[in-house]
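Subject: Structure for you to look at

Hello,

Here is the structure I said I would pass on. Please open it first, then read my notes below.

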Amino acid sequence: MLFTIAAVAVMGATLFGSTYTQTQIAGQSLDINKMDVDVIEKIHQMGGLQLVMPEAFAETDCGALEDSGRKVVEFNLTGESVTLPIMGGKTYNAMTFSGQVPGPTLRVTQGDVVKMTLSIPADEVTGHGNDMHASQISAGAFESVNPGETSQYCYIAEAAGVFKYHCSGVKLIGMDQHVLSGMYGIAIVDPIDGYKKLMVEKTKVVDNKVKLDRKFYNADALEFQLQYNQLYLTPEGNYDAGAMFQHHNTATVVNGMQFGYVPNMLHNILVKGDANKNIFVAQPWNGLEHKQYQSQLLFVENDQHVRIFVENHGNEPVFFHIVGEILDRVTQGNRVQSAATETWLLGGSQNMIVDLVFDEPGAYAAVNHDYAAIYTGAATVFVAGDPFGLNPRLVDAGVIPAPVASYAYALGNPSDAVPPMGKNSIAHPAVNIHGLYTDEVASEMKDAGMIPLWEVIPTLPPVP
């Protein structure tokens, strides 16, 4: 009697006293008539030949990974439903990871072990799961966790890049509702050897001839994160599956908010001298009463290497474009896809890393160049240098001691747009509390030293 093993065959240490380490071996034929009876009995006791070789797959056992010599990064999340504001003074019924939209950003280095723990409060209305796209493990690990329970899994972050994580629903049921109600975030996996320096092509005139002039920037960069999605809501602020299936979105959001990165009343005062004179076409989060939801601008220096981690969590494509600038480099996964391009397309659940340098002082809008998306919330304003000539006035008022290269030194950059520090990160001069956070999360950030501008601004001296 002959039988063939046309796959990876592992009989185990009890049979051979060793374990195969190859990822695959050639098929082989065994003549059962020539086999020892004890061997046949051992195979029987083992339940037959095991056609799986553990070494050929990703190790996921937390105990084994914690003893593997790799760095272990713990990532603890809670799944909870809360009420959060939307544009127009209304609210919606959000689902969140740890009381914020998007959820906290995980940042690790390629090769680290991620130990993800998801806890669901006992009073939560439904179960939640967590699917981390940075992992390469069985989807069974993403199983939903019931209210009052906790689940955990581990994986090795083997691939560098930006990766979505999101709620997998309750055994996949309602996954769309959970994700499109706010249960999403990103994991940034830095390359083990760090990021590459940036080359920007320019031109110069030499002996009355225009020639190519390549400029190289250090790999260190000032970093931002921008996560795109849509909201599909009923007038009562509940999730509207019918609207989702028809792609009729209520709002386009960046890091959970419509128009979250546009000027506010303070910028109106600084630039126009009047809190009620808007300097942007839409300023829905103007007043200090909005606290952590008040819109904030993104500030950078001129001639500075800027790195933006971009993720599209939604159903609609993102045509990422910065008005007045060129994307000097676009990277997806760990491969450069383009240099010096105007716009880059991201499909649903797709990401990229944009590197660029803002050459001239000015205000630059980063948009989803779908006009419907622009007018429903996907406009983010970067301010480079001192385009409004505010340095002398800020110095005279005692707000800053000396002229600064960006307004971030006076006001900080918004916390939800600033990722955790990682490889080749330049620290932001200051970080203010901004984002779709519950009051409890905002209070924790204040205790951690981030700036609550809604409290600080009234104490500043008047600017002439």
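Predicted model: local features only at pLDDT ≥ 70, side-chain atom pairs only at ≥ 80, totals over all residues.

Residues are numbered from 1 along each chain as its sequence is written, and side-chain values use heavy atoms, with hydrogens and water left out.

**Whole chain.** There are 11 helices and 28 strands. These are DSSP runs numbered from the N terminus: helices are H or I with at least four residues, strands are E with at least two. Of the 464 residues, 50% are buried (under 20% relative accessible area, 1.4 Å probe, protein chains only). Take the contacts (heavy atoms within 4.5 Å) with a separation of 6 or more: 67% of them link residues 24 or more positions apart. The accessible surface is about 21,200 Å², and carbon and sulfur atoms hold 53% of that (Shrake-Rupley method, 1.4 Å probe).

Two strands count as paired if DSSP finds at least two bridges between them. β6 runs parallel to β11 (residues 184-190), and 4 bridges join the two. V108 has V189 as its bridge partner in β11.

**Cores.** A nonpolar core here is a set of buried Ala, Val, Leu, Ile, Met, Phe, Trp, Tyr and Cys residues joined through side-chain atoms within 4.5 Å. The largest has 29 residues, and F224, I308, F320, I322, F358 and F382 have the most contacts inside it. Strand β14 (residues 221-231) gives the most to this core, with 4 residues. Beyond its neighbours within four places in sequence, I322 touches I308, L327, E342, L356, F358, Y364, A365 and A366. A second, separate core has 25 residues, including L106, F142, F163 and M183.

**Helix α6.** In α6 (residues 265-272), M265, L266, H267, N268 and L270 are buried. Their cover includes β16 (298-300), α8 (391-396) and α9 (408-411). At the start of α6, a side-chain oxygen of N264 comes within 2.8 Å of the backbone nitrogen of L266. G273 follows the helix, with a positive phi near 75°.

Best wishes

Terms used. Polar contact = N/O pair within 3.5 Å; in protein donor to acceptor, adjacent residues only side chain to side chain.
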